[in-house]
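Me: I would like to go through this structure term by term. For each term, set the value against its definition.

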Amino acid sequence: MAFEKYQKIIDELSNWLYKVRFYSWGEPLMHKDIYKMIAYATDKNIGTEISTNLNVFKESDAKSLIESGLEVLIVSLDGADEKVYSHYRVGGDFSRVINNIRAIVKEKKKTGVKNPFIEIQFLVMRHNELQIPNMKLLAKELGVDRLRFGPVTVNMRNEEDLDWLPEDEKLSRYSYSEKKDQIYSVRKKCEWLWRSTVINWDGTVSPCCVYEGDKSVFGSLADSKFEKLWNNESYRQSRSVFTKHQKGNNGLKTICSHCRGIPRATKEKQHGLY
């Protein structure tokens, strides 16, 4: 996304935004203007958050990151050593990530600021579940603000995905016997449709972060202001899936009609979706 396009979006929505998450299906730190983008939101009193593998980051960028005013930095680190880390983060450089974390923590201390709040996110899988104690020690040694263990997401209908699940079922989000997600399976609503949205790099709008398929079905900021998109047919029909008093529009079907608050893979062999 060009900075000028981003600037226009923020200007239009700044009175209503409380946070911008600079990530979806890509690596945010690859964008040449990322710190400029963060600073622009910060100057408008909008919270900012990044989730990154921290591989393209350079230690010399620590000052720019701190000065941007970034509020939350989530670092994906799914192993306490190179071998375990690389099993999932193929092509990643464990040592580089560790050194980058150290550089950011050091710059924070040097400047005396509280932000960004640094969180290491560790997805628990079969190959790394025994490293949880090691990871706790590493996070403490690095001086990050929080270590969060999260369950890996797979498609339970795809046999190839099941090898990623930890042996200890308590560390998973699934019932192994029922092959059922235990987090989303009890949901009866979807907060995304009322309080959040995803704006893609080209200005098209998606209803949530797990959305896949045609990005134009919910509209594009190239053709309309966000205010009109937020209440267009696609959004109204999608919200009607979760409300009894609101009628749908012309029988329009959206991805939300399929999902119904429980994000499911549309294909049996599809990777990465419930």
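Reply: This is a predicted model, in which local features need pLDDT of at least 70 and side-chain atom pairs count only at pLDDT 80 or more, while totals for chains, interfaces and linings use all residues. Residues are numbered from 1 along each chain as its sequence is written, and side-chain values use heavy atoms, with hydrogens and water left out.

Me: In what order do the 5 strands of the open sheet lie, and is the pairing parallel or antiparallel?

Reply: The order is S1-S2-S3-S4-S5, with parallel pairing. Strands here are DSSP runs (E, at least two residues), numbered from the N terminus. Strand S1 (19–21) and strand S5 (146–151) are the edges, each pairing on one side only.

Me: Why are S1 and strand S2 (residues 47–52) said to pair?

Reply: Two strands pair if DSSP finds at least two bridges between them. S1 and S2 have 3 bridges in the parallel sense, so they pair. In one of them, Lys-19 is bridged to Gly-47 of S2.

Me: What makes up the contact between domain 1 and domain 2?

Reply: Domain 1 (1–180 + 264–273) and domain 2 (188–258) have bounds from an automatic or database domain assignment. With contact meaning heavy atoms within 4.5 Å, domain 1 gives 13 residues and domain 2 gives 17 residues.

Notes
Helices (H or I, at least four residues) and strands (E, at least two) are DSSP runs, numbered from the N terminus.
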